[in-house]
Amino acid sequence: MEKEVNFGKLLHGGDYNPEQWLDYPEILEQDLAYFKKARINEVSLGMFSWAFLEPEEGVFRLEWLKEVIDRLYENEIVVMLSTPTAARPRWMTEKYPEVLRVNAARERNLYGERHNHCYTSPVYREKTRIINTKLAEMFKDHPGVIAWHISNEYGGECHCPLCQEAFRGWVKKKYGTLERLNRAWNTGFWSHTYQSFDQVESPSPKGDSSLHGLNLDWKRFVTDQTADFVKWEIKALRDAGAEQPSTINMMYNFTGLNYYKFADVIDFVSWDNYPTWHKEAETVTAMDTGMQHDIMRSIQKKPFYLMESCPSATNWQSVSKLKKPGMLQAASLQAVAHGSDSVLYFQMRQSRGASEKFHGAVIDHYGVSDTRVFREVAKVGVALEKLQEVNGSQNPAEAAVIYDVENRWAVEDAAGPRNAGVFYKETVEKPYQAFRKLGINVDLIDETRSLDGYRVVAAPMVYLLREGWTEKVRNFVKNGGIFLLTYWSGIVDETDLCYLGGTPHDLMDVMGFRSMEIDGLYDGEWNEGIPEPENPLHLERAYRCSHLCELVQPSTAEVLMTYGKDFYDGMPAMTRNVYGKGKAYAVCADFEQGLYDEVCRKLAEEAGVERIVEEVPEGVEVTMRKQKDGTRYVFVQNFSRETVEVKLPIERYPVWQGTYDGTIGSWKTIVLKGR
Amino acid sequence: MEKEVNFGKLLHGGDYNPEQWLDYPEILEQDLAYFKKARINEVSLGMFSWAFLEPEEGVFRLEWLKEVIDRLYENEIVVMLSTPTAARPRWMTEKYPEVLRVNAARERNLYGERHNHCYTSPVYREKTRIINTKLAEMFKDHPGVIAWHISNEYGGECHCPLCQEAFRGWVKKKYGTLERLNRAWNTGFWSHTYQSFDQVESPSPKGDSSLHGLNLDWKRFVTDQTADFVKWEIKALRDAGAEQPSTINMMYNFTGLNYYKFADVIDFVSWDNYPTWHKEAETVTAMDTGMQHDIMRSIQKKPFYLMESCPSATNWQSVSKLKKPGMLQAASLQAVAHGSDSVLYFQMRQSRGASEKFHGAVIDHYGVSDTRVFREVAKVGVALEKLQEVNGSQNPAEAAVIYDVENRWAVEDAAGPRNAGVFYKETVEKPYQAFRKLGINVDLIDETRSLDGYRVVAAPMVYLLREGWTEKVRNFVKNGGIFLLTYWSGIVDETDLCYLGGTPHDLMDVMGFRSMEIDGLYDGEWNEGIPEPENPLHLERAYRCSHLCELVQPSTAEVLMTYGKDFYDGMPAMTRNVYGKGKAYAVCADFEQGLYDEVCRKLAEEAGVERIVEEVPEGVEVTMRKQKDGTRYVFVQNFSRETVEVKLPIERYPVWQGTYDGTIGSWKTIVLKGR
Amino acid sequence: MEKEVNFGKLLHGGDYNPEQWLDYPEILEQDLAYFKKARINEVSLGMFSWAFLEPEEGVFRLEWLKEVIDRLYENEIVVMLSTPTAARPRWMTEKYPEVLRVNAARERNLYGERHNHCYTSPVYREKTRIINTKLAEMFKDHPGVIAWHISNEYGGECHCPLCQEAFRGWVKKKYGTLERLNRAWNTGFWSHTYQSFDQVESPSPKGDSSLHGLNLDWKRFVTDQTADFVKWEIKALRDAGAEQPSTINMMYNFTGLNYYKFADVIDFVSWDNYPTWHKEAETVTAMDTGMQHDIMRSIQKKPFYLMESCPSATNWQSVSKLKKPGMLQAASLQAVAHGSDSVLYFQMRQSRGASEKFHGAVIDHYGVSDTRVFREVAKVGVALEKLQEVNGSQNPAEAAVIYDVENRWAVEDAAGPRNAGVFYKETVEKPYQAFRKLGINVDLIDETRSLDGYRVVAAPMVYLLREGWTEKVRNFVKNGGIFLLTYWSGIVDETDLCYLGGTPHDLMDVMGFRSMEIDGLYDGEWNEGIPEPENPLHLERAYRCSHLCELVQPSTAEVLMTYGKDFYDGMPAMTRNVYGKGKAYAVCADFEQGLYDEVCRKLAEEAGVERIVEEVPEGVEVTMRKQKDGTRYVFVQNFSRETVEVKLPIERYPVWQGTYDGTIGSWKTIVLKGR
């Protein structure tokens with residue numbers, strides 16, 4: 001369903017709930033004035049509005065919404081219109097308890113909170129179809145409604161009888177025969193053999209919790225069933241004639257769903273970004289947030305939308321810290337740098353009561369615009385207006401890091417060498433950060449994605465091999481690619497069945513070694529990698545490693561580093577294998593960031609990856625967007641607390657936004673422009 | 001129902017369970033001898049005795065109890081007689097499961113433990129009425145029964161269908177219309193609008209848990225329903241002709257009920273005091289315990305009763321430490337100093353089995369009186385006999401600190417700037433302790449209480465404003481009162497709806513500023529307050545603050561201190577505003593104790609609060625009781641581990657009890673007496 | 001049912017699941033070759049095989065198993081055959097949900113995991129009877145089947161209605177009358193009196209959780225009901241004519257069952273040993289493991305079998321560390337030294353999927369024998385062949401430490417002076433380790449066992465007195481025994497009823513003192529014991545104590561040490577009493593290991609306990625087995641990381657295995673042999 005999406009401008013705005021203020025008609029007018037003052041050109045409406053849209057079953061009240069949208073449009077503010085399905089009216093659960101979720105212990109929820117509905121329930125689907133149809137009929141041709149925001153922050157799962165039945169159907173369709181099912185999940189272990197598909201049940205703390213093949217397929221089912229529900233929501237809109245593009249708003253580091261599978265379900269990706277700025281050093285937070293932006297961009301490899309962010313402090317974190325002056329702008333422009341065509345907030349106006357009443361907002365309970373936060377928002381508005389021509393440009397990348405949610409599910413659930421933590425996310429971050437410190441754009445792709453067009457690919461902890469991935473790797477290296485694989489890779493197939501005959505499965509020739517054993521280290525324990533004399537990568541210093549140390553037996557691989565301690569002192573800790581026209585490197589243990597920084601720099605150089613800024617100082621991010629006409633926008637952002645010196649290539653890329661005198665100030669952004 | 005309560009003497013005794021020893025007739029006689037030896041003049045009987053009083057449904061056995069009471073009375077020991085409702089016979093739950101509680105997840109308990117009954121159940125109420133009637137009929141005229149001890153340590157809640165129905169009725173009565181209900185709880189948020197009162201349900205981890213208005217009203221309902229049950233219990237006694245005064249025994253820092261609402265339900269307040277002496281410095285524990293005593297006294301502003309305390313070590317704390325020699329006496333007399341007309345223990349004789357078998361007792365399993373603990377108890381008996389004329393005297397206070405349980409419920413549940421802890425109790429303690437270190441009596445009153453008669457009032461973190469409170473504050477200051485307000489005050493109304501238009505609501509003129517933002521600080525982070533040059537309070541040193549820093553915009557207020565760090569460096573951290581004849585001070589951040597010590601001393605001086613002992617050394621408590629005839633008893637207690645020098649005003653108040661040579665020994669008490 | 005068990009050789013092998021490889025016929029043949037290579041002479045079969053043995057209800061498939069056993073036997077590999085009851089086929093739970101467990105909250109499990117069945121269910125018992133009968137009929141005369149391994153790692157409990165009914169019957173049988181029941185559990189407390197046996201229910205977080213008598217009896221019932229089920233399993237085998245000896249595999253430090261009560265139920269004890277080698281110092285782990293071996297041996301006071309151990313890393317611990325070279329052999333021979341007649345592994349071949357797929361195995365997924373782990377296993381095989389004549393020998397002991405599971409249940413549940421931890425296990429370890437450091441064999445016996453034949457007995461924290469134990473102690477001391485008792489002993493009877501009249505109950509004369517009070521110390525707090533001048537044990541240095549300090553009043557006892565701090569400064573901290581021909585020592589507080597090391601050495605000397613090696617260096621274990629003909633095998637094992645000097649008595653006991661040059665290498669074993 002993916003289509004070209006471009007709203008013609010960078011959007012500035014966010015979630016707005018006028019239904020909470022219907023008793024205060026003066027508020028909407030006041031807000032319009034404030035919006036203008038802050039250069040707001042978009043708001044997101046309708047989220048959680050079902051009780052206002054359908055106050056009784058079958059009784060619809062959409063007029064108030066139309067009036068608001070009309071009035072906004074008159075003021076040049078467009079709307080992303082949300083379907084209201086993330087929360088439901090009380091009458092619905094009172095009459096149809098089946099719409100409520102059942103947890104893994106098989107207990108049905110009561111009405112309450114949000115995101116508390118069964119995705120399978122025919123009743124819920126029908127009620128959804130009806131309300132979405134009503135919305136579509138009313139707004140399909142409204143010029144102010146530019147997109148459909150489907151529900152809100154999809155997530156969670158339901159274990160009700162209807163979902164069990166759907167899961168059984170899903171399993172039957174996937175495996176066809178009991179024999180295939182039993183083999184895939186290795187049910188012979190502990191006599192778990194299925195004698196009938198009717199015996200299939202979702203995992204449960206009261207039943208099966210460690211049949212890993214079942215766990216994995218259940219998570220796949222949850223993603224598929226959620227996607228099916230999203231499709232159902234969109235179909236209702238399309239059937240009623242609404243053609244505006246659709247999105248769902250995704251979440252930070254969320255593993256409840258495999259977002260990559262939504263690439264074909266929605267028209268554009270959007271996400272909600274709530275970093276805890278000022279908790280750790282801002283440079284650390286910026287790197288973390290940057291990776292999430294890049295994941296979101298990589299799902300469809302095109303611009304995404306920052307759907308929510310906080311103009312000030314949140315209220316749901318353990319400590320809600322005020323954003324210090326300038327942070328909002330730096331964070332907002334970071335999103336744009338990484339490929340967002342919007343800066344949107346939750347929320348435009350603070351609600352008076354209930355669980356988000358203290359969440360930061362453009363307009364707070366005080367209700368006047370002479371606040372620090374409002375002024376900071378208005379400054380972002382000004383900055384975005386200056387950057388308008390960036391809208392719609394891409395972030396081309398020559399480096400990729402494999403980030404695969406299904407692999408993550410498997411490796412974190414595996415019952416393997418380190419149940420106290422395998423640090424999958426951190427292992428992905430290490431090569432990502434190493435590349436980013438060079439100012440290189442990086443894609444984060446899963447195993448289903450193509451490796452074509454990349455010069456260097458890092459594959460951290462690819463424990464689970466998805467069909468066809470090793471073939472892609474083989475071809476990539478054979479054809480000259482520079483490839484980096486880590487320990488604990490190539491271990492199991494898609495249902496967590498261990499490969500027999502040696503690992504990394506199907507890559508032992510490419511890597512030039514076989515993995516023999518893997519050692520778990522307790523927290524605080526460490527080993528180290530000592531460079532081999534005259535190693536071809538010219539590594540000269542030792543690095544520490546921890547958590548997991550793999551012992552490998554090289555066949556054709558050269559040894560770059562060896563362990564410095566324990567009974568595997570002297571055994572390989574890092575290798576490289578020449579394969580075809582390319583090279584395959586291996587990192588055998590969980591090394592510190594420094595090793596990745598040195599190695600990835602050398603690999604990028606070997607691969608000939610372009611670097612726009614030759615030396616990127618610590619704490620500075622360099623990110624490049626490229627317009628269809630070839631124009632490049634180079635965002636240089638300093639997330640450190642000090643002004644730093646940086647040599648920018650202003651001959652080729654003159655300064656376009658910001659000021660440059662050989663330095664860049666703390667939390668400042670400079671944008672260069674050129675070709 | 002409050003009446004004048006005075007038993008004519010300070011009581012010494014405690015909980016006694018002869019029903020556990022009915023097979024050992026020699027035990028009662030032995031105990032009587034021991035009681036005499038230890039100057040015991042009261043015991044509390046009947047708690048948890050239902051299975052002995054009504055061994056089968058409708059079959060009553062009260063004779064054994066009468067015999068015990070007769071025998072005690074012959075020995076000049078009076079009785080507080082407990083209704084047995086805190087635990088019930090097994091036959092009752094077997095026949096009527098409805099009397100058992102249902103938890104918030106809607107699961108009904110099994111028979112077990114105590115405090116496990118539904119306060120709404122008509123069956124439980126009827127069974128209670130019958131047994132209370134039987135007790136009243138038997139003991140209404142018994143001269144040995146001086147008071148009714150209603151049940152035991154009320155607390156907990158029930159979510160059964162009967163309670164849901166009662167809650168719905170409560171809500172309907174409070175709000176009348178759905179419109180008012182929906183507005184009060186701001187149900188528009190997340191489409192939580194009620195379409196019918198039938199949809200109202202108590203909060204639940206499976207349903208609504210963060211609709212704060214609902215949460216607050218549920219807690220109010222639990223208090224009201226509990227109070228209603230207490231009234232029901234008392235009514236049964238009164239209807240049967242029993243006129244002895246009634247009490248319930250309250251608990252330390254308990255927030256399950258709003259005890260202040262029981263002021264009119266019972267005739268006198270009593271409570272159970274189990275400090276962990278010797279865990280922290282005794283001076284710290286004494287301050288903490290003292291505040292609880294003062295809360296209990298402030299509920300009815302008259303003498304209370306120490307209903308339970310441990311003569312030695314408890315058995316239910318994580319570590320049960322022996323009370324060191326002398327501690328029992330110091331702790332017991334502290335209760336009397338703060339307004340208790342009794343020193344009672346749990347328990348007179350240790351039970352042989354079950355969960356409190358190792359709880360300290362006057363007579364332990366050994367069963368002989370030649371124990372250290374028995375000797376310590378007997379010494380307390382002697383001391384109380386000497387203090388008899390203190391009985392019935394008041395603790396007049398010129399200083400008050402606002403402590404409000406409904407506000408506490410709200411601010412701790414708010415989902416606000418610091419979910420990792422707002423430290424409400426600690427914030428109340430700071431001005432309390434500052435005043436107490438001056439030897440000033442302090443009342444702890446909630447927002448419903450009058451401010452009349454106080455010279456200085458501290459109002460820490462008054463987040464939720466109860467109806468009429470700001471008006472009382474305004475008049476207090478206008479008429480010359482000295483008032484201290486802290487950050488995070490005046491934020492919401494009684495159903496947690498945020499005030500619009502600026503905060504502290506309705507006090508911006510009195511305080512002379514508007515609060516703009518509030519910053520959450522992580523654990524370990526801090527800022528500081530730097531005194532303004534030549535500030536009117538003559539503050540000269542800086543103090544640290546943490547957790548929460550509020551940023552305010554002064555209108556008429558003078559700035560006394562400013563922040564020393566972060567982006568709000570230089571903004572006000574403490575202010576004062578002259579308003580009418582009084583002054584309103586504000587502390588804008590969570591400052592260390594030292595600031596309160598200095599500020600409260602200066603405010604007390606400014607307010608002209610009387611201080612009996614001019615310089616109170618650290619660790620020494622000075623507390624004053626005043627008899628109707630004007631006689632004052634000044635208790636001076638040294639809770640430090642060292643003998644300290646102290647200058648006592650023995651000209652006006654000669655030494656009455658204890659010895660004074662210019663010093664006071666560790667854990668010693670001196671009582672002065674004068675007018 | 002206990003019988004003489006001797007399989008004629010030390011067994012080497014372990015768990016094997018060929019049913020998971022039935023599709024790979026080449027695997028079995030390959031495995032046979034590997035087994036030969038590694039000197040494997042036994043495998044354990046059939047565990048968790050029910051779905052393969054009875055794929056549909058009433059349809060049996062045992063042929064595959066027979067074929068495997070035949071083929072193994074042809075290759076001189078014998079089999080311990082497991083009943084399959086630890087996991088069940090799905091068809092069974094689908095048709096008979098009653099076979100699944102119900103937890104303490106009264107919720108029935110779903111099908112899943114293992115060990116998830118009701119021991120009471122008539123259906124489960126009948127299905128068990130049938131399958132066990134089938135197995136017995138097929139294999140009762142098979143010369144390759146040497147023993148029956150009943151189910152797997154029994155444990156857990158069921159609270160279903162059938163179990164409640166059985167528990168009620170158990171209680172009724174034990175107590176006969178309600179009066180006796182009510183007295184035993186002291187139900188008068190909190191009105192818990194039973195009016196009918198029908199009111200008896202198992203403990204529950206939703207009902208009674210702190211009626212300690214009930215808790216204790218419930219645990220006893222769980223042991224008895226489990227034992228009853230084991231008997232039922234064995235009866236089915238015997239009824240079908242199978243006479244091979246039976247065992248169950250026990251677990252490390254498991255308190256869910258009282259293993260000592262199985263001494264008469266099974267023919268031999270076996271257990272599964274999974275120490276976390278290399279987590280702490282190996283010397284610490286060896287001491288801990290050694291004690292578990294000695295517990296297992298002490299249950300029947302005869303050789304036991306190491307049923308499971310890991311040839312490499314496990315996969316279910318938080319960190320799964322590789323066994324370093326040599327560790328497997330040291331650990332394996334430690335088992336033999338302590339009385340095991342086997343070294344068996346889990347598992348022979350790694351399964352491909354599900355929750356133990358990464359558990360270490362003799363043959364891993366790679367599937368070839370050229371691995372480090374395989375070579376280590378083969379080395380153990382060689383060592384065991386050399387040690388064959390040790391098979392069947394005993395471990396005679398002159399020292400005993402009381403370790404009593406029922407006492408442990410009680411003292412850890414008691415709600416006493418230190419709910420934050422009484423450290424029962426650690427208190428048992430202290431004298432155990434002190435004796436073991438002298439190279440003395442130690443038995444760990446419960447209170448039901450005889451004290452005859454021991455010279456010295458340590459009784460740590462014997463809180464609960466089992467019937468007859470004090471009489472045994474009295475006689476032991478009277479007749480010249482050296483006895484050591486600690487604090488918190490002799491407090492309650494078998495249903496946790498406190499003894500009246502002074503403690504340690506019935507031993508005050510033997511010990512020569514009465515205990516008066518016990519003080520709980522917070523973590524980090526300490527006191528110390530100061531030796532009395534010229535004390536008869538010649539103690540000269542002070543030792544620290546923590547957690548619990550008991551205050552005792554000596555009658556006839558001499559004081560050896562006194563406390564050095566707190567209000568009990570100068571009171572006895574250690575005493576000794578001469579009683580009859582023996583001496584009774586008391587340790588009054590939780591002293592550090594050093595005190596036990598010094599005291600136990602002196603007590604062993606006083607008692608005349610034989611010590612084979614005069615000075616045992618730190619980290620070295622000396623353990624002695626003795627064959628019927630009087631031959632002694634002295635195992636000397638060095639668990640430290642350094643080679644150490646040790647003087648061995650090679651004149652009397654020449655070196656039999658290993659090499660000795662005045663030193664012993666790290667993780668090396670030397671075996672001496674002599675008479």
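The legends below describe close-up views of a predicted model.

Local features are given for residues with pLDDT of at least 70 and side-chain atom pairs at pLDDT 80 or more, whereas totals for chains, interfaces and linings use all residues. Residues are numbered from 1 along each chain as its sequence is written, chains are lettered from A and ligands numbered from 1 in the order in which they are written, and side-chain values use heavy atoms, without hydrogens and water.

**View 1. Relation of chain C to chain A.** Chain C is superposed on chain A by a rotation of 120 degrees with 0.0 Å of shift along the axis, at an RMSD of 0.1 Å (least squares on the C-alpha atoms of residues with pLDDT of at least 70 in both copies). This is the relation of a three-fold axis. Within chain C, the C-alpha of Glu107(C) is the nearest to the axis, at 6.3 Å. The copies meet through different surfaces, because only 2% of the interface residues of chain C are also interface residues in chain A.

**View 2. Relation of chain A to chain B.** A rotation of 120 degrees, with 0.1 Å of shift along its axis, superposes chain A on chain B with an RMSD of 0.1 Å. The C-alpha of chain A nearest this axis belongs to Glu107(A), 6.4 Å away from it. Different surfaces are used by the copies, as 2% of the contact residues of chain A recur in chain B.

**View 3. Interface of chain A and chain B.** Contact joins 52 residues of chain A with 53 residues of chain B (heavy atoms within 4.5 Å). About 4,500 Å² is buried between the two chains, 52% of it on carbon and sulfur atoms; buried area is the accessible area (1.4 Å probe) that two parts lose on being put together, summed over both. On the side of chain A, Arg90(A), Glu113(A) and Arg352(A) lose the most area to chain B, together 17% of what that side buries.

View 4. One salt bridge pairs the side chains of Arg90(A) and Asp208(B), at 3.5 Å from N to O. Helices H2 (50-53), H4 (90-95) and H11 (372-386) of chain A each contribute at least two residues to the side that touches chain B; helices are DSSP runs of H or I with at least four residues, strands are runs of E with at least two, and both are numbered from the N terminus.

**View 5. Helix H8 of chain B.** This helix spans residues 212-239, has 28 residues and reaches 40 Å from its first C-alpha to its last, close to the 40 Å expected at 1.5 Å a residue (1.5 Å times one less than the number of residues). Of the 28 residues of H8(B), 21 are buried (under 20% relative accessible area with a 1.4 Å probe, protein chains only). Gly241(B), which follows H8(B), has a positive phi near 100 degrees.

**View 6. Surroundings of Trp50(C).** Trp50(C) lies in helix H2 (residues 50-53) of chain C and is buried, with a relative accessible area of 0%. Leaving aside residues up to four places away in sequence, its contacts include Ser191(A), Pro84(C), Met92(C), Tyr124(C) and Thr128(C).

**View 7. Surroundings of Phe346(B).** Phe346(B) occupies the loop between strand E8 (342-345) and helix H11 (372-386) of chain B. The residue Phe346(B) is buried, at a relative accessible area of 8%. Among the residues touched by Phe346(B), not counting those up to four places away in sequence, are Asp15(B), Tyr274(B), Cys310(B) and His359(B).

Definitions and conventions: Buried < 20%, exposed > 50% of the residue type's maximum accessible area, 1.4 Å probe, protein only. Salt bridge = Lys/Arg side-chain N within 4 Å of Asp/Glu carboxyl O.
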